[in-house]
Structures are given as structure tokens and as C-alpha cells.
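My entries are below the display.

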Amino acid sequence: MEKTGGIMLGKYLEQVRSISPLVHNITNYVTVNDCANITLACGASPIMAEEYQEAAEITSICNALVINIGTLTKQTIPAMLAAGKKANDRGLPVVLDPVGIGASQLRTNTVIELLQQMHFTVIRGNVSEMKKVYQCYSKECKEDKGKREEIPASTRTDSSGHRGVDASVSDLISEETLEDTITLARALSKMADSVIVITGAIDIVAADDSVYVIRNGHPMMSKITGSGCMLTSLLGAFCGANAPYYPEACAAAVCAMGIAGEQAYRKTYERKEGTGAFRMYLIDAISTMQAEELNQRAQFELVEIDR
Amino acid sequence: MEKTGGIMLGKYLEQVRSISPLVHNITNYVTVNDCANITLACGASPIMAEEYQEAAEITSICNALVINIGTLTKQTIPAMLAAGKKANDRGLPVVLDPVGIGASQLRTNTVIELLQQMHFTVIRGNVSEMKKVYQCYSKECKEDKGKREEIPASTRTDSSGHRGVDASVSDLISEETLEDTITLARALSKMADSVIVITGAIDIVAADDSVYVIRNGHPMMSKITGSGCMLTSLLGAFCGANAPYYPEACAAAVCAMGIAGEQAYRKTYERKEGTGAFRMYLIDAISTMQAEELNQRAQFELVEIDR
Amino acid sequence: MEKTGGIMLGKYLEQVRSISPLVHNITNYVTVNDCANITLACGASPIMAEEYQEAAEITSICNALVINIGTLTKQTIPAMLAAGKKANDRGLPVVLDPVGIGASQLRTNTVIELLQQMHFTVIRGNVSEMKKVYQCYSKECKEDKGKREEIPASTRTDSSGHRGVDASVSDLISEETLEDTITLARALSKMADSVIVITGAIDIVAADDSVYVIRNGHPMMSKITGSGCMLTSLLGAFCGANAPYYPEACAAAVCAMGIAGEQAYRKTYERKEGTGAFRMYLIDAISTMQAEELNQRAQFELVEIDR
């Protein structure tokens, strides 16, 4: 796996540190502290606000918006809608994390409503979640079949094996399923007009005319809560500082998180510690990461797409 | 204190790692991240969802349900009821942590309502909380005096010394009060048809025909928030993977948590660190614990009961 | 900078450890776990409860109340009002943290309502937040101009540079702006009849007849979420144990937090770690801090005021 095109991602991290974007997160109460801390660690500044009465106003002073449905409630859904519309009006990047979509009708319907009422700059999830998002999109735009892409049969599989907030075993991204997952990501990217980030053993960042296939990270990242949520918050921070270079910004955030996972694992292993320490080292690694380090350790392949 | 009956608890931990049960937690926003991380650390998978509209549906895809009233609200109570009924319908284990019962009428009334509307497989709390649960049960089933057990005068003491979410000083389990606490646990177990877990300096797991008296753990566990909540989440994970061996699964979870507390204290002491590090080492210890280690370090006495 | 008057602050920490006050926190869901853990670390006991139906009742069993508007909602505002009135009725110390006041109309209006309906023993924020609180007070008591103090032009500057929950760059406390900030703090203290704690590179604790200028702390404290919230919870704990010596108790809490920041930074730097570790070491340092250490390392100047 070689880097393609000599692209260096470190400058997108530098830009976060230089601009220090303010990022509005409407997120879940399980991992909210980690999301705030990793946002600060990368150089941005988080603000969490989920009350409908202030949501749009808070968005209006920010550089980006992150919507994470991990523990959505009847109270937070209107706040997500109001904040999202404000962000769209102001041209701010908006990132969606459809946590556990498919685990309940409420989550699925909320994602459909969000997709109908606003445009997302980035959507990030595991394969099972993103298959479900694809289904939602297909349902949403059934009146508009022209937008619908054909995707391979393997990715059309109903995600019934999907377990709560985890990807189903049959949905893990491996070398065997990589091509199909890229096809899914590209189809979804085209339909939603969004950068699509699918994370797993291999991570994919798919945009209009390019796909990043990223091989950083470590399996221990799935042994703590919040690896996905933290990455989603990083995507908000990186996009907030790097408009309009969203695909590059997303690739940089995904590589940064993956490298942090590798470093955190190494420390945990050397010191014979466990997942509690791993979680701390992950945030440490983001807070001390240098642009040069990101340039050197990023393991990605950039596929240019003939259009 | 010797082990009785040659019972080995490690296999119940192995079963969690092998099955990886999905556990629905409706819990409090103070310790929810620690609860999710310790659930992952023991090998299970957590899902947090407290919106009424999805609560029962989420429970229906899970292997166990944990209800913790630590920061209950008007919004979360209906979710607890809906999820609990669904779990009962599906025969899933349900664990209750009546955090701070007695600190407010709302908490007490909510526990009474929960006890009336669903069956709990396990109820866990400190002595003050469990005395209050006993009172609630007595009140609830006042129409049905036949179910009521006589308990010693010392445990009938009103828990007015009870301080918020902590046990009152007069309620700490010591060698002197052990017998009375066991009597309380057994009476409550019979009334509620539940495994009763009372935690303190000595821990008790009481079921129909057996009582485990457990002497693992360290006082520093009471110097962080969440030791109790984390144990409750572990009880959910261990029961979710070990049906119908609930008393044994609870004893294994309590011993595992106690051993983790001992190991975390040792590390904290050696490295001259404080309660921040202790909390991390606690999760580390659960994530690295082996079945053999649990077998060897568990300090419990199993009292068989003549019926 | 020399200590003035030979005041020793360690005894106020000892008092917290000796009395172990129970502190009701109605706070935000981002940093609530850290707030609970640092409350325990200093020797107090936290209880979090934000449901209106139990808020006043929970306050009535406590020694102090902390209100933090970091993620306020329509549901939590009535709880704040009910708890605050109960605390006033019972003569308990009440601490306000107006997080992000000015970032939305809801936050500003909520602070105005809180200021109108209850008395705060202590108000803590950064300079931008405290300027906004001053504006709110001026607005609230516009019928009563006699109470209004003249403050220097520099501190009357509209805090439009105020970024979300952070102080605006022009609002950082430096040696140049110190005198004006002290004037603001004293004016606000007189208007609100509260101890005013303004935190930044230099911290100020202003009361009726004295001002503490405190030079402990480290810039890394602003690179994690919750440094401010944790200090606010410490203020609640220290006031709960040291009535009626509130200015001294606040100065002790601010110095303790600052010393903890210095120690945490030293460890983080020596071990080449990042902000994840820093956050843990901060709580460690509070949990292991001795009164003698607080006496020796506190860096403050006490300015007595001619009245």
C-alpha cells in the first residue's frame, strides 16, 4: 500500500491548531466528555448544547456542527433539526453520526427526517450503519429514482446481523469485502452529496471524485466506548478549519485517529495496562500529534475516480 | 475464610467473553461512560437508550437490561417501565440499582412502581439502600402479608442516617452486623424472588438457597464515583451471558470487581497516584482479568441454606 | 508576590475532609463525572439530581448547592430555581457557574432569572462570562440604580469577542488588565452580595472587604474540558464545609485547583504524556493534597480594602 499522489495530510491538522474552530456538538451522554476532550486535544474548541431553545443560536456562532444520535431523545431531535438548518443556511460543515441506526425505529426515522431536512457534509458510521443509511436514502428519494445508484448484492444484504451499536460480524471491512464497501460508499456519497466515512479494520473516505482507503488504527479501539464518536467530533473540527477541502480534512482526521490508536496500543501493551489506560493514551496521542508525524505515519491509498 | 464447595467462578467470566451479551443500560449521566467502558472491559457490549419511544425495542434486541435510578427524570421513568416489561416478557435478566433510594420521595416512589410492575432478577445496593427497598417491598405487598419475612430489629432501623447516595455510617457491613445483613438479604430475596447483592466492606449475594459472603475489594472504591454503578452494569453483563445461573454469575461479577479494586489500589499505591488513576486501573483490571485469576483470588464463603 | 497577613488556607481543606459535606450539583452532562470525582477527591460527597420533582428535596439533605448552566435545558431550569430557593431558605451556600452566558439568549435569560429569584454565595466564571453577569445584574436592578457601581471602560466592553464557553482573547486576565478586572469583581461582589471568583491566567476572589489575587495554575488547564466546572464543584464543597468563611474557603479551593494544575502539568511533562493524562493527574493531585502542601504552595496576595 503506497501513498498516492504525494498528498500530505499534516497541514489539515495544522490548520485546526491555527484556526481553532468552535464546534457545536449535539451528541450522546455516554461519550460526550471524550468528544469534548478530543476536540480540545486536536486544537479546536467544543460547545455542547442540545436544548431546542438555543440550538440554532449556538450553531450560528460556530464553525461546524456535529450531530450524533447515540442517545437521542424526543427533546434533542428538534434541536438537531434546528441546528442543522441553521448550519446549512450559514454554509457550515455538518457531520452526522447515525449511531445504532437500525437498532430502533426511532433512530431510523430520525435519520430519515434529518436526511430530508438538511444537507450533511460528512456522514460517518460502521458498515452496518452505512448500509442502513443507504436504505434510508433509497426510501427517502424513492420519488427520484434517477439519483439511485446500483450497489453490489453483498452490500444490499439486510443488516439484520447488526448488533445494537456494533457492526455485524458479516459486515466487517476486510480485504475481501473492500471493493463492495467502496462501491457502497461511492453510491451513498453520490446520493447524499456528502463525504462518506466508513470505519472498520480498514477505513474508507469517499467523495465525489476520490476515495481514500486508510489502513491505520488498532482493534483495541473497538474495546472502548467512544472511538467512533470521538472520530466524528474530530471530523467536525477538521472540516470546520479546512473548508472547502472536506475529503482531505476527513482523511486527515481518520488517519490521525488511527495513528493515535496505534500509539495508544503500543503504550498500553508495553506497560501491561488495559482499556482504561488505552482510552487515555488515545486522547494523549491526539493532543501531542505533530503535522510531520501525521504525514509520516498515515497509511492510505488515494483512488482517483474516472468520471 | 475458605472457599466452600470448590466452586470456581472464572467460567462465568469466560462465558461473558465467549457470548459477548448485548446489555441495555438505562442509567445515570454521572457514571454512564464508566458503565459502558466496564461493560466492554468484561467482554460484553453496552447499549444506552433512555427515550421511551425506543426503550422496549432496544431491550428486545438485548441479552439483559440494567436499570439504574441515579439521575432519574420524568422522561426516563416511562422508559424504565417499558424496557422492564419487555425484558420480563422475553425472559431476559433485569438488574436494578436503586441509587439514593430514600434521598427523595421521587426515588422511593419510582422504586415502588418498578417493583410493582416488573420482576427483577437482581437488585444491588448498599445496606441503607437495601433496607429502604425492603421497606418499599413491605409497603407494596401489604395486602399479601404471607410473603413478608421477619427481619432482626437492627435491620429494621429507619435509614434516617442514610446520606444521599452513600450508606449511613451505622449501616456499614462489618463482622458485627454481618449476620443481620445476611438475614435482611435473605428476607428480601424471598420477598422479591430476586438475587440480592448488598455491597460494602463485605459483600453479600443472597439467593433462594445460598448466600455468598465475599471479602474482596478495597476502601478506595468508595472514593470514586461509579464503583457501585459499574458493578451493577457488570451484573447485567454476567447475567446476560450466564442464564439461568444468576447467583453464581452475580458472585463472579462481585468478586471480579473486588479483585479489580485490590489490583487498582496496589498500582495506585506503588506509583503514589490518586483516585483519578485508581479509576482507570479499575477498568484496566477488568479488561485484563483472566478466568484463572478470578478463580484464584476470589475470597468468598458459600453458605448453603437448609430450607 | 507575597502572601499577605500570614493567612494559611490548608485548614479549609482539612475542614472539608473532616466534615465531608454533601453537595447537590445541578450541572452539565459534559463534565459531570469529573465534577463528581473531584468532589470526592477533596473529601466531600456529591449528589447529582436535576429532576424538578426531587430537586428541592435533595437540596434539603445537603450542605451546599452548585448550579452550572453548561448544558441547561427546559427541564433543568425549574429544578435549578426550586433547589436554589430551598438552599436560600435553609441558609446553605449556593455557587453559580454561568457557563457560556452570552452564547445564547436562553443562557443569558436563565442567569437573569436565577439572579432575580435567589441569592448566590459565590459566582464563578471567566472574565467574559463575568462581564456578562455584570450586564445582567445592571439590567435586573435597573430600577434600583443606587446599587450600581461604576466600572472602568475597559471592562464595560461588550463581550462580543466571547467565543462560546471560552473567554475572548481580549478578556484574558494579564498584569495589564488586572486592576480593571479587580474593579469589575468588586463591583459585582457588591451588587450581588456574593463572593466573586474570576478565573484565568491570574485568578481573583473578591468579597466585601478583601480581594485575593491568586497566581497558581497552568495553561494546560484550558486544554481539557471541565477545569472550570471542577473548580466550581470544589467551591461548593469548600463552602459547604466552611460556613461562614466563604471568601477564605473560595481562595483555598482556587489555590488547591491551581496547585493541582501545576503538579499535573509537571507529571505530564516529565512522562511526555498529553491532555488525557493531565486530566487524570489533576484529580489525583486533589485527592492526595495535604493541608500543609496547600499552605506552602499557595501563591496569593490578599488585598484588604478600605471601606
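Conventions. I am working on a predicted model, where local features need pLDDT of at least 70, side-chain atom pairs count only at pLDDT 80 or more, and totals for chains, interfaces and linings use all residues. Residues are numbered from 1 along each chain as its sequence is written, chains are lettered from A and ligands numbered from 1 in the order in which they are written, and side-chain values use heavy atoms, with hydrogens and water left out.

Salt bridges. I took a salt bridge as a side-chain nitrogen of Lys or Arg within 4 Å of a carboxyl oxygen of Asp or Glu. The search over all chains returned 15 salt bridges.

I looked up Arg279(A) and found it bridged to Asp34(A), with the closest N and O atoms 2.9 Å apart. Arg279(A) is in helix H11 (residues 275-288) and Asp34(A) in helix H2 (residues 32-41) of chain A, so the pair ties together parts 245 residues apart in sequence. Helices here are DSSP runs of H or I with at least four residues, strands are runs of E with at least two, and both are numbered from the N terminus. Arg279(A) is buried at 10% relative accessible area, and Asp34(A) is buried at 0%. For burial I used under 20% relative accessible area as buried, over 50% as exposed and partly exposed in between (1.4 Å probe, protein chains only).

Next I checked Arg271(C), which meets Glu273(B) in a salt bridge of 3.1 Å, N to O. Each residue lies in the loop between helix H10 (246-270) and helix H11 (275-288) of its own chain, so this pair joins two chains. Arg271(C) is partly exposed at 34%, whereas Glu273(B) is buried at 7%.

Rings. I counted six aromatic pairs over all chains. Rings of Phe, Tyr and Trp (its six-membered ring) pair if their centres lie within 6.5 Å; planes under 30 degrees apart are stacked, over 60 edge-to-face, and the rest tilted. Tyr212(C) and Phe300(C) are a tilted pair, 5.7 Å centre to centre with 50° between the planes.

Single residues. Thr232(C) sits in helix H9 (residues 227-242) of chain C and is buried at 0%. Leaving out residues up to four places away in sequence, Thr232(C) touches Val66(C), Val95(C), Asp97(C) and Arg124(C); contact means heavy atoms within 4.5 Å. Ser194(C) is in the loop between helix H8 (178-192) and strand E6 (195-198) of chain C, and I noted it as buried at 5%.
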